[in-house]
Amino acid sequence: MRADHALIRYGGKFSDFVAASAKGSFIYDARGRRVLDFTSGQMSAILGHSHPAIVETVRRSIATLDHLFSGMLSEPVVGLAEALKAITPPGLDRVLLLSTGAESNEAALKMARLATGGYEVVGFAQSWHGMTGGAAAATYAAGRRGYGPLSVGGLAIMAPNLYRPSFGAPSSADWRAELDYGFDLVDRQSTGALAAFIAEPILSSGGILDLPPGYLSALKRHCEKRGMMLIVDEAQTGLGRTGEMFAFSRDAIVPDFLTLSKTLGAGLPLAAVLTSAEIEQRCHERGFLFYTTHVSDPLPAAVGLAVLDVIVREKLEKRAAEAGQRLRKALESLRDEFDCIGDVRGRGLLLGVEIVKDKTSRKPDTALGARITDKAMELGLSMNIVNLPGMGGVFRIAPPLTVTDEEIDLGVTILRDAVRGALKG
């Protein structure tokens, strides 16, 4: 009731669960009731909540060095840039540290436009890259209506959905033909000023659409043919979540820009743009400007260093692969058990469960998905469901990389009970 009289509603509805504290994979209310967090907060708390290394880093940094004039450097900022360079392939040699994913995508888009001289940006029709101007113009999953014109030069192609393919049957989906057709449409619409393609390796808000092996390589070739730059947005997939340090590694490519955010700060606001020394030099010579209040802030940079240290030292990308196999196998057993679970997809600890009326028709059942969400929360499991036109509700399941086997089993047990309860009405 207090929130209704004090807050601006910014999308969806607020949960009835009011958090008071959080530790590891669980969130607690003031009465001590716990909820298993299967979305890592906003897909960000990759080390779980209140990780000791993060707590200690914040305590130390807030007491010594928190915020500076944007033109002043500090050891944590340079150290984090060096640490990011150390875990990325050659060709991602320069780093810009910012606050949010939208900011990092905004900066990458501006640099791509400046470096190429073009202005047209292509994205996926199911994409989500942020709520600021340029990032919002490249976001097609939601939020486009009612705000007037967006940035000019925005173009979109369909991302491959192997469960509901546009080209071919589900058993023989032809994503290459779909990609080639998409770029044929781009060529027909372009004014000759293509600057960049921005892509998530797994479209999260688009319903956990995992780009098939080879897709990013083919996409990079399309970009190179047209003088475009490829921006890979790994806000949710970066830093081990998919079982590899970066999801783009599977295709053995190096994007022109890599953007990181959510997982880099492990729940705190921190983002980064990585690009080559050559592109950075070209943009600098042409007057690149991205002066923000919190660019190169030392406190979040120190947190980012702590996050990378924990992930690398504890080999959490390997843990994500192992835990992801356990979770996927359990979710697939639910798919085999319930006719309303049409598909399980994703990689590592970023998995999607699609809710349908039945496996034969594959028709969306968003109402059932909503009931499962409510029932799961009632039973102590927090999950996030994406409802988009033309597809069933898709649960985004992304526990922390520190999740235990017992917590995975608990989450699946609660989900099974929630599905059973929702089916009963």
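Leu-36 stands opposite Leu-381 in β15. The model is predicted: local features need pLDDT of at least 70, side-chain atom pairs count only at pLDDT 80 or more, and totals for chains, interfaces and linings use all residues. Residues are numbered from 1 along each chain as its sequence is written, and side-chain values use heavy atoms, with hydrogens and water left out. Helices (H or I, at least four residues) and strands (E, at least two) are DSSP runs, numbered from the N terminus.

**Open sheet**

- The order β1-β2-β3-β15 describes an open sheet of 4 strands with mixed pairing; two strands pair if DSSP finds at least two bridges between them.
- Its edge strands, each pairing on one side only, are β1 (19–23) and β15 (381–382).
- Helix α13 (residues 405–423) packs on the sheet and touches β2, β3 and β15, where contact means heavy atoms within 4.5 Å.
- The direction of α13 makes about 105° with that of β3; axes are lines fitted to C-alpha atoms, for helices over the stretch in contact, and angles run from 0 to 180 degrees between N-to-C directions.
- β3 pairs with β15 in the parallel sense over 2 bridges.
- Strands β2 (residues 26–29) and β3 (residues 34–37) pair in the antiparallel sense over 3 bridges.
- Within this pair, Phe-26 has Leu-36 as its bridge partner, and Tyr-28 stands opposite Arg-34.
- The hairpin of β2 and β3 has 4 residues between the strands, and Gly-32 in the turn has a positive phi of about 90°.

**Second largest pocket**

- This pocket holds about 580 Å³ of space; a pocket is an open set of points on a 1 Å grid over the protein atoms alone, where a 1.4 Å probe fits, with protein on both sides within 12 Å along at least five of seven lines.
- Its lining has 22 residues, of which Val-95, Leu-96, Phe-288, Val-295 and Ser-296 are the closest to the centre; lining residues have an atom within 4 Å of a point.
- Two or more lining residues come from each of α3 (75–87), β4 (94–98), β12 (271–275) and α9 (277–285), and β4 gives the largest share, 4 residues.
- By class, 15 lining residues are nonpolar, 5 polar and 2 charged.

**Phe-183**

- Phe-183 lies in helix α6 (residues 175–189).
- Phe-183 counts as buried because its relative accessibility is 0%; buried means under 20% relative accessible area (1.4 Å probe, protein chains only).
- Not counting residues up to four places away in sequence, Phe-183 touches Ile-157, Phe-197, Leu-219, His-222, Arg-226 and Met-228.

Notes:
Buried means under 20% relative accessible area, exposed over 50%, partly exposed in between (1.4 Å probe, protein chains only). Grid points are joined across faces, edges and corners, and a volume is the space filled by probe spheres set on the points. Ala, Val, Leu, Ile, Met, Phe, Trp, Tyr, Cys and Pro count as nonpolar, Asp, Glu, Lys and Arg as charged, and the others, Gly among them, as polar.
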